[in-house]
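Please read them beside the structure.

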Amino acid sequence: AGTSAVTVTWNTVGARTVSVSYTTSPAGCTAVSPTVYPVTVVTPPIPTISGPTSACLGFASNVYSTQTGMTGYVWTVSAGGVITAGGGTQAITVTWNTLGAKTVSVNYTNVAGCNALVPSAFNVVVNQTPSPTIAGPSLLCAGSTGVVYTTEPGYANYTWTISYGGIITSGLNSNQVTVDWATAGSRSITVNYSNALGCSALAPANRNVTVNSAPVPVILGLNQLCEGSTGVTYTTQENYTAYVWTISPGGTITSGAGSNAITVNWNTPGYQFVTAEYTNGLGCQPITPSVFNVNVDPKPLAAGVIAGVSPVCAGATNVMYTVAPVELALTYVWTLPAGATIVSGNNTRTIRVDYSNSASSGIIKVSGSNDCGLGVSSPNFNVVVNPIPATPVITRHGATLTSSANTGNQWYLNGVLIPGATGKKHIAVYTGNYTVVVTLTGCSSAVSNSILVLPVGMDDARVNHLLDIYPNPNNGEFNIKIETLKSEEFAIEIYNNLGSLVWKQENVTINGAYTTHADLKTMPAGVYMVTLRNKANSLVKKVIIMN
């Protein structure tokens, strides 16, 4: 006071003023009224801090934060603490390296440009972390099971981990676990837990484990032999100790027990086995004994009854015969009558047989077979082979067709069976190709020759008058002459002796005489039928082509 400058402390907020007056020199004049300077006093900030009040020694995961949106953040921590991230920002990360009571403080400048009167302080207690240890075997063999590892009891949040090759089978979340070591190699097991203050070790406790290889015995010897085989030798690797051999009840070890080679007699047929184990130079035994499977074969049992077809026709093909599976049979041996041949399934229990045209009736039988010989054959299967009837020949007299066979005939029209037409003779009442098949004792002949029957609307004299073919016979080239009494429309068709159409003219209008030329020189020699057909009638005449 009394000088040109003053220092003021404002203790309340609100609108305030500062005024000044002075006397001039040398005149000695004073201002009529003091000069007034307005001042606004605002409330300073009070920072707050959030974060863990209880921390664990050495952990770098402690985050402390204050209000956002400010400037000039200034953080301090007490001795033993290190700010590892966030200095000058709204949040910091702290690592506590010593135990005990600690503090974190902060100050900043708010939007009005004010700082806290004093930094805010936040109290923290830093707690001790535990030091786990692991007890348990560190040297063992692959395949070891039920191996126990322990750590200190009385804590919480036990966390065990194990490397590849090991499996924790029980005890997770406790101070004791049971482990199976499946494979050989350098392995490890670790544990961590939380003490009563909620702190865990900075790093889990680790125990290194060496898992030695377990031996895998290799057994050599015969695996396929016959019942009663004796002196059969089986061997495994040599130069080890504590050899243990076992075999299935169907065999007897006659020598070599306790060594790397044994001799066996096989007394009982069926599936048998040999096992071997030993201790290797690392003191390890196999995880499981090696097993060598042996098949001791007897002769097959007797074959059962054959199922199949009898009688059959000579020339029959793909006829199936089968027998039920024969126990212990590897293949099947069939016996057939003369003229019968296996075409598929040979050496199996189901065969397909072709019979030649000269095959004879006889016996079919089968036996099961394996490396030890043939079993008892099946009961005889008597097969009757009936002959194939001779192929019939059809002759024609007018509309009457006659088969060369006296019995067993069945007539067909255009390949379709004619119901009831089973006699030696048949009257053709429909246009088309007629054939006949003869069936005797269940066997059918080949199809006969084909006879083409075409309707004739007029008598032969009338045909000769209205339809003329010349030359006839010819070399395949001939003329067809037609005469009519009035204008009519016709179709002119030529069929071969199988009834197939080989030449045709349609919609031919004839009024009087008409001649057309036919060229069939590319057709084979034979008898052909020339047909003149309209809506009402048909006229047919033969033409003979000679090449």
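1. Four disulfides are present in the structure, a disulfide being a pair of cysteine sulfur atoms within 2.5 Å. With the bonded cysteines numbered in sequence order, they pair as 1-3, 2-5, 4-7, 6-8.

2. This is a predicted model, in which local features need pLDDT of at least 70, side-chain atom pairs count only at pLDDT 80 or more, and totals for chains, interfaces and linings use all residues. Residues are numbered from 1 along each chain as its sequence is written, and side-chain values use heavy atoms, with hydrogens and water left out.

3. In the C141 and C284 disulfide the sulfur atoms are 1.9 Å apart. The torsion about its S-S bond is about -85°, so this link is left-handed. C141 is in strand β10 (residues 139-141) and C284 in the loop between β22 (270-279) and β23 (290-297), 143 residues apart. Strands here are DSSP runs (E, at least two residues), numbered from the N terminus. C284 is buried at 0% relative accessibility, and C141 is buried at 19%; buried means under 20% relative accessible area, exposed over 50%, partly exposed in between (1.4 Å probe, protein chains only).

4. C226 is joined to C372, S to S 1.8 Å, and the link is left-handed with -115° about the S-S bond. C226 is partly exposed at 23%, whereas C372 is buried at 17%.

5. G499 sits in the loop between β44 (488-495) and β45 (501-510). At 17% relative accessibility, G499 is buried.

Key:
Helices (H or I, at least four residues) and strands (E, at least two) are DSSP runs, numbered from the N terminus.
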